Each structure stands twice: as C-alpha cells, then as structure tokens.
Amino acid sequence: MTLPAALLTPLLTGTPAFAGLLSPETGGSPNADKISTLWWLIFSMALVVFFVVGGALIYAVTKFRAGNGRVARQIHGNTRFEIGCTIGAACILVFITVVTFITLPGIKNPERTSNDGLSLASGTLFASTDQPQPPGGKALRVKVNGQQYVWRFQYPGAQKVYSYVQMVVPANTTVVLDITSDDVNHSWWIPKLGGKMDAIPGYTNHSWFKAREGVYNGQCAELCGRNHANMLAQVRVLPPDQFEQWYANQAKRLQQAKAGQAAARPRYEDQ
Amino acid sequence: MSITADTRTNVRTRPRPEIIQHEVGSGPQGWTSWVTTTDHKKIGIMYLWTVAVFFVLGGVEAMLMRLQLGVPDNTLLSPEKYNELLTLHGTTMIFLVVVPVWAGFTNYVLPLMIGARDVAFPRLNAWSFWMYLFGGLTLYASLLFTPPEAGWFSYVPLSSRDYSASNGQEAWIYMVHLTGLSSIVGSINFIATIHNMRAKGMGWGRLPLFVWGMLIYSYLIVIALSSLAATVTMLLLDRNFGTNFFDPTQGGSALLWQHLFWFFGHPEVYILVLPAFGVFSEVLPVFARKPIFGYKAIAASTAGIAFLGLLVWAHHMFAVPTSTVVLAFFMLSSFVIAVPTGIKIINWIGTLWHGTVEYRTALLFCVAGIFTFFMGGITGIFLAVFPVDWQLTDTYFVVAHFHYTAFGAAAFGMFGALYYWFPKMSGRMLSESLGKASFVLVFVGFHVTFLIQHAAGLSGMPRRIYEYESSTGWGLMNLISSIGSLILAIGVLVSVINLLVSIKKGAKAGGDPWKANTLEWYTTSPPPEHNFDVIPRVRSVEPMKDLRRQVEQESGEQQRHKPSRAVVEA
C-alpha cells in the first residue's frame with residue numbers, strides 16, 4: 001500500500017506535496033500556507049492518536065476473540081487509568097490550542113505589502129475596520145459582493161471600477177476584502193488564497209490575501225439557491241504595472257458603456 | 001415450558017432463569033389493535049417500521065445525489081431537483097430516522113430494561129408516535145406539490161418568502177413542529193418513566209447504560225427541540241404574517257437564524273449519538289462476556305457531553321462575521337467535549353480487553369460503529385480549530401466528517417440495536433450469515449463512500465453543488481464515492497431482506513438468546529402484554545447475570561444440566 005507512505009512523506013519532509021489530497025490547498029497566499037502548517041501540526045497529533053487508540057481497538061477485538069477455553073477477566077474498571085487517559089487527552093488539546101494561537105495572527109492579520117507590490121499611498125485606500133490594518137497601512141481594498149449567482153468586485157478610487165466573476169489584483173500586494181451580500185448568504189472562497197468567509201446580508205465580513213502571480217479559482221461555498229454550483233469566482237494576479245494598465249482599461253470600458261447606455265436611454269423612453 | 005427435556009442433549013447448557021407466565025396470550029390482534037394500541041411494545045414496533053421506510057427513502061435520495069455527482073457535468077438531475085433531494089435527504093435522516101429510531105427502540109426496551117409494566121403515560125406515548133408519522137407524511141406530501149429546497153438547515157434569507165416562494169418550506173416547518181412535538185412529549189414520557197418506574201433496587205448506579213443514554217437524550221430533546229420549535233415559528237411568522245425577525249433590511253438579522261438553529265443543531269448531534277453510545281455500552285459487555293469497563297465514567301461522561309453539547313453550537317458557523325474571542329471560546333468548548341467522548345472510547349476498548357469476544361453481527365456493527373465514530377471524532381478536532389475550519393467548513397470534508405460521526409455512531413448503532421434486540425421483539429433470530437454479509441458491505445461501502453470525500457473537500461469541492469466541471473479534477477474522487485454508496489446500499493438491502501425473511505422464518509429465539517445482562521431478557525420473546533409476572537430485585541447493573549449465578553447456586557452442580565425452571569423471588 002502506498003497510503004502509509006503517502007501519509008508519512010509530508011511529515012518527514014515537511015513539504016506540502018499532498019496539498020489538496022491530505023491537507024488544504026496552499027501556494028497562493030501566506031495565510032493559506034500558514035493554515036496548512038497548522039493543519040500538519042494537528043495532523044501529526046491526530047495520526048498518533050489514530051494509530052494508538054484505533055490500533056488498541058482493533059487489537060482488542062482480534063486478540064481477545066472467544067475460543068480456546070479462555071475465560072473473560074471480570075474487571076470493572078480502573079480509575080487511575082481513566083484519569084491518566086483524561087490527562088493525556090487534555091495535554092494533546094492544550095498543545096493544539098497553543099500552536100493555534102501562535103499561528104493565528106499570521107492567518108488572520110493582513111501582511112505588509114511587499115516592496116515589489118503595487119505602490120499605494122499610505123492609508124488612502126484603507127478605511128478603519130475591526131480587522132487589523134496591515135503594517136504600513138498599504139493595501140488594496142476590494143469590496144466583494146455576493147449576488148445570486150455571481151460575485152461583484154468593487155475597486156477603490158474615484159472612477160468606481162468594478163468587475164464581475166473575475167477579480168484582477170496586483171501581485172505581492174496585500175488585498176483586503178470587505179465581503180457583503182445583496183440577497184442570500186454566500187461564502188467567499190478561493191482555496192489557495194486562504195479560508196472562506198461568509199457573505200451575509202446586513203453584515204460585512206473581512207478577509208485578505210497577498211498572492212503570487214497566477215490565476216486562482218474558487219466558487220461560492222454556501223448554498224445560495226439552485227445555481228449555487230455555478231457561482232464561480234476567479235482571482236487573476238498580475239504584475240503591478242499590468243494591473244494598473246488593466247485598471248485604467250476597465251475604467252475606460254465602464255465609462256464607454258455608461259455613455260452608450262446614456263445615449264440609448266432616450267430611445268427606449270420614447271417608445 | 002416443559003421440564004421434561006432430554007437431559008443428555010442439554011448437558012453443556014448452563015441453566016437459565018425463566019419465570020412462569022401466568023398469562024401468556026399475546027393480546028388483541030388485527031390492524032385495529034395497532035391503530036388503537038397504547039402498548040409500548042406495539043408503539044415501538046410501529047416506530048421502527050416507520051423509521052425503516054423513511055430510512056430507505058432517505059437512502060434512495062442519497063443514491064440519486066451520488067448518481068448525479070458520479071461524473072462531472074452530469075445532467076441527470078436539474079439544480080432544482082438536486083436541491084430538493086438534498087433537503088429531503090438531510091431532513092429525513094435527521095428528523096425522521098435517527099431521532100425517532102431511538103424513540104422506537106426505547107419504547108420497546110426501556111420499560112423492559114427497568115422492569116416496568118409500560119411507560120409512564122401510555123396514551124401520550126401513542127400520540128407521540130402518530131405525531132411523528134403525520135409529520136413525516138406532511139413533508140413527503142410536499143412531493144406532490146413543491147418540495148422544500150433550502151436545505152435541512154433552511155438558512156434565511158434563502159428560506160424566506162422572497163427566495164423560496166413555494167409552500168414546500170411551510171411543509172418543512174410543519175414537519176419540524178409535528179415531529180418536534182412528538183419528540184418532546186415522548187421525551188417527557190421517557191424522563192418520567194426512568195425517574196419513577198424502575199424496578200426495586202435499581203438505583204442510579206444500576207441503571208443500564210442504554211437507559212442512561214436515553215435519559216440524557218430525553219433531556220437534550222426537551223431543551224433543543226423546544227428551542228427549534230420557537231425558531232421555526234419565527235420563520236413561519238416571517239414568511240406569512242409580516243414579521244421581520246430575520247430580514248436585515250427591516251432591522252432583523254440573518255445571523256440570528258444560524259445561532260438559533262445551531263443552538264438546536266448541535267445538541268441534536270448528541271441526541272443522535274448518545275443512545276447509540278448506550279447501545280455500544282450494552283452490546284459490548286454481553287459479547288465480550290465481561291462487565292462494562294468504567295460504568296461510572298461512561299454514565300458521567302454521557303451527562304458531561306450533554307451539558308457541554310449545549311455550549312458548542314457556533315463551531316458550525318466559524319466563517320460568519322465573529323470576533324476572535326467568540327471563535328476562541330467555541331474552539332475550546334469543542335475541544336473540551338472531545339475529552340468525555342474520548343473517555344467513552346477508551347472504556348469500550350477496556351471492555352473488550354481480556355474479554356472473550358464473540359463475533360455476532362450486533363457486536364460487529366457496534367465495534368465498527370465505535371471505530372468509524374472515532375475517525376469522525378479525529379476529523380472533528382481539525383474542524384474545531386477555527387483557522388483550519390475556514391478552509392474546511394462547507395466543503396465535502398465536513399460532509400465526510402459528520403457522516404463518520406452520524407452514520408458511524410447512529411446508523412451503525414441502529415443496526416447493532418436491531419440485530420441485538422430483534423430476537424426479543426419478534427421471538428425469532430435474524431440470520432447471522434446474512435447479517436455478517438450485510439455488515440461487511442455496509443462497513444466497506446461506507447468507508448469507500450466517505451473517506452475519499454475528505455480529499456474532495458480539501459481540494460476545494462464545496463458542499464451542496466449539483467454539478468462540477470471536469471477541469472476541477474474531482475471526477476475520480478466522486479466516482480469512487482458513488483461506487484461506495486452503491487456497495488453501502490446493497491449492504492442495507494441485505495439487512496432489509498434478512499429482516500423480512502427472519503421475521504417469519506427465523507430460528508426461535510427463546511427468552512435470552514445472548515445470555516445478556518439486563519432485565520428485558522428476563523421474560524419471553526416477544527414479551528406478553530404485561531411484560532413480567534414477577535420482577536426480581538435488582539442488585540447490580542447486570543441483574544440477569546446475578547440471576548443466572550443464583551440459579552446455578554440453587555440448582556447446585558448436580559443439576560447443572562437440568563433445564564431451568566426457576567422461580568426467582570422478588
């Protein structure tokens with residue numbers, strides 16, 4: 001069987017070779033990577049517990065099978081053993097608690113935008129929030145809005161640039177997300193870019209990522225109606241200069257569309 | 001009962017305590033006797049048959065979903081039909097199978113286990129059953145119109161009038177009301193019975209562990225289902241009478257529903273599994289021929305789990321907007337509940353240890369149930385760590401996790417209970433060979449279906465999607481899962497066939513076929529309408545073992561082989 005080998009290799013080498021099969025997806029954003037690290041720490045404990053307790057159960061059933069005139073030993077319990085097991089279980093849980101709170105800030109709090117990221121003015125694109133600000137205060141703030149069955153992304157700035165389905169962002173730049181919904185509950189999730197956050201009407205939820213160049217796919221993770229399965233999302237991460245180009249382009253296209261709309265409106269109103 | 005049996009053929013049989021039945025008639029017969037009955041045994045059997053029908057229906061719904069997901073881009077089911085199926089499957093399995101199945105078994109065996117004539121309120125008991133049946137019929141009647149499609153959890157706003165305009169949602173609400181009332185009234189009945197009607201000498205420390213499980217189940221139902229009844233009433237009012245409890249545009253809160261629902265929903269998880277834990281705790285000592293290991297620890301951990309189970313609900317909603325301190329509280333409370341649960345598993349292993357384990361079907365289902373539940377417990381730890389849960393929640397990882405716990409404990413426990421108590425209920429044995437074949441198929445089928453779903457979830461497959469593209473790479477995992485579900489379904493079918501055949505043609509069981517420990521085996525199979533002529537004084541948690549020992553002592557070694565007909569004094 002290759003399974004035990006598959007289980008052990010990542011533990012021995014520490015590489016996320018089995019991301020997506022034995023551990024959450026990684027390789028897009030630091031928060032996703034740190035969740036995976038935490039996963040492997042818990043996984044190692046879980047594996048020990050699985051083999052010790054599960055092994056004991058299987059051993060007990062097979063080894064003590066009736067036969068050969070053996071007589072069952074009439075034991076009613078062992079308080080010391082019970083207390084020992086309780087303490088053992090508690091120790092494992094304390095360990096997991098400690099490592100969770102050690103890794104938590106790196107998962108929850110946005111990172112500093114890298115030097116090769118988009119050059120953003122300090123603070124200008126960042127409003128106050130209960131999610132801590134990234135160090136340096138430089139981040140691209142995108143409003144993510146869930147609607148049956150599409151995601152809408154609203155960019156900061158006077159031009160009011162927005163897009164649907166595909167979010168385009170600059171590489172190595174901290175992107176902070178304000179997640180809302182217009183209708184029913186949705187959940188924002190790009191597996192390689194960290195955990196999911198629910199979009200609930202009436203509330204604003206927060207998340208962040210800082211991605212390397214590439215295209216990352218995800219989809220809505222909360223049942224939102226019949227076409228829940230078709231509510232796809234994509235994050236395209238471009239080098240900062242290409243992002244700025246896209247941003248200007250998108251602004252222009254939206255402007256043109258708006259003008260076209262304005263020109264067309266009287267025709268409809270006349271009819 | 002004859003005392004003239006051939007002594008030579010019985011040389012190796014240990015004497016068994018039996019009592020004289022003064023009145024062995026089986027009571028009134030015919031369909032009217034079922035409709036009008038207040039006998040806990042008949043009501044129990046009606047519960048179990050109804051559960052069996054709903055279990056098969058819920059299974060068919062699951063199979064249709066697995067067929068749809070077996071290959072990418074499948075067009076077998078429309079999104080509308082898929083959502084209806086997923087709602088019906090969840091609702092059926094939770095409200096119409098795993099909760100009432102324990103009401104069914106308990107109805108039958110609880111008065112027998114504690115040496116009572118019936119439950120405390122027999123007519124209320126009949127009413128509970130009919131409310132349950134009508135609740136189920138209400139839900140399934142919606143198949144003729146527009147079934148609900150907002151999921152068994154019916155999150156608002158999706159379940160509100162604006163987004164689910166059809167009356168299927170009302171059918172769901174009435175189903176929750178009827179079955180909820182059924183469960184609450186039934187639970188009050190069990191609580192009154194357990195507190196007041198135990199046999200002489202059966203103190204709290206001698207209560208069978210299944211009865212402990214059912215007592216705690218009952219208390220949890222009274223708390224959790226009352227809360228749910230209020231919650232769904234709010235939804236009913238929002239949908240039909242212009243209130244705005246859950247409408248954020250009118251000052252309501254969509255999150256409120258999630259909190260209220262899971263305040264019911266998490267205790268519900270323990271409502272499903274605690275009776276199954278009780279079954280494990282009854283069956284293991286019988287077939288290991290050993291006393292239960294750590295009776296007090298198991299009983300205490302049952303109560304501890306119930307209390308803690310009321311404090312962990314928000315771990316179902318770690319991804320909603322929540323402050324870190326709340327997340328941390330619910331992570332730690334979920335950790336704490338793992339400890340008493342782990343203690344139970346250790347005690348079951350302790351019960352098997354140095355025993356003489358007989359591989360009967362009931363035992364196999366129970367051990368497999370413990371193993372499967374244990375795996376679900378381990379994945380539960382990952383889910384309790386909220387930063388990790390952000391990756392896992394609402395994916396197939398969660399689907400796998402709760403099937404490991406709910407199917408692992410509740411469904412395996414249900415099969416274990418069926419194989420264990422069927423001889424008592426019918427007077428006939430289930431076939432062991434068919435039973436073991438069913439066990440192997442169910443066990444293998446289950447793990448093939450659900451183990452791979454962890455990986456599907458980790459690689460990004462969300463729950464509740466009716467289709468996926470082949471580019472996602474989830475095709476193979478889903479195909480394996482669908483094949484597994486087919487094996488599982490065949491396994492269940494074998495047990496159903498076994499049930500139908502054995503009920504007419506099974507070998508005669510006799511009063512105590514397993515040489516078990518508890519009082520339900522101290523009467524004929526099936527028991528007469530009044531259950532017992534004489535109820536022995538209970539001196540330990542294993543009264544039948546005491547009685548066997550007493551019979552041996554009184555009959556003496558010379559008469560060891562003599563067929564027993566001992567009248568045991570009260």
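# Reading a predicted two-chain model

Analyst: Let's start with a pair of helices: α2(A) and α3(A) are roughly antiparallel to each other. Keep in mind throughout that this is a predicted model.

User: How is such a pair described, and what is the angle between α2 and α3 of chain A?

Analyst: Two packed helices are described by the angle between their axes and the distance between the axes. Here, helix α2 (residues 30–63) of chain A meets helix α3 (residues 79–108) of chain A at about 170 degrees, and their axes are 9 Å apart. Angles over 145 degrees count as roughly antiparallel, so that label applies to α2(A) and α3(A).

User: Which residues of α2(A) and α3(A) make the contact?

Analyst: From α2(A), look for P30(A), N31(A), K34(A), I35(A), T37(A), L38(A), L41(A), I42(A), M45(A) and V49(A). On the α3(A) side you will find I92(A), F95(A), I96(A), V99(A), T100(A), T103(A), G106(A) and I107(A). Sorted by class, this contact of α2(A) with α3(A) holds twelve nonpolar residues, five polar and one charged.

User: Let me try the reading on chain B. At what angle do α8(B) and α9(B) pack?

Analyst: Again about 170 degrees, with the axes of α8(B) and α9(B) 10 Å apart. That angle makes α8(B) roughly antiparallel to α9(B). In α8(B), H266(B), P267(B), Y270(B), L274(B), F277(B) and S281(B) meet I298(B), T302(B), I305(B), A306(B) and G309(B) in α9(B). The contact of α8(B) with α9(B) has seven nonpolar and four polar residues, and no charged ones.

User: Stepping back, how many helices and strands does each chain have?

Analyst: Chain B has 16 helices and zero strands, whereas chain A has four helices and ten strands. Along its sequence, chain A reads α-α-α-β-β-β-β-β-β-β-β-β-β-α.

User: What can I learn from sequence separation in the contacts of chain B and chain A?

Analyst: Take contacts between residues at least 6 apart in sequence. In chain B, 84% of them join residues at least 24 apart. In chain A, residues 24 or more positions apart account for 62%.

User: Where do the two chains touch, and which element of chain B gives the most?

Analyst: The interface brings 66 residues of chain B into contact with 69 residues of chain A. Elements giving two or more residues to the chain B side include α8 (254–288), α9 (295–309) and α14 (432–458). α10(B) gives the most, with eleven residues. By class, the chain B side has 45 nonpolar, 14 polar and seven charged residues.

User: Is L118(A) buried or exposed?

Analyst: L118(A) has 24 C-beta neighbours inside 10 Å, so it counts as buried; the cut-off is 20 or more. L118(A) is in the loop between α3 and β1 (140–147) of chain A. Leaving out residues up to four places away in sequence, L118(A) touches L140(A), P170(A), T173(A), P240(A) and F243(A). For T173(A), 55 residues away along the chain, the C-alpha atoms are separated by 5.9 Å.

User: Last one: where is the confidence of chain A lowest and highest?

Analyst: Chain A averages a pLDDT of 87, and 88% of its residues score at least 70. Helix α1 (residues 3–13) of chain A is lowest, with a mean of 49, and strand β6 (residues 186–188) of chain A is highest, at 97. The pLDDT is below 50 over residues 10–16 of chain A, and likewise over residues 123–129 of chain A.

Methods: Residues numbered from 1 in each chain as written. Chains lettered and ligands numbered in written order. Predicted model: local features only at pLDDT ≥ 70, side-chain atom pairs only at ≥ 80, totals over all residues. Axes fitted to C-alpha atoms, helices over the stretch in contact; angles between N-to-C directions. Parallel < 35°, antiparallel > 145°, perpendicular 65-115°, else oblique. Contact = placed C-beta atoms within 7 Å. Nonpolar A, V, L, I, M, F, W, Y, C, P; charged D, E, K, R; others polar. pLDDT = per-residue confidence, 0-100. Buried ≥ 20, exposed ≤ 12 C-beta atoms within 10 Å, placed from the backbone.
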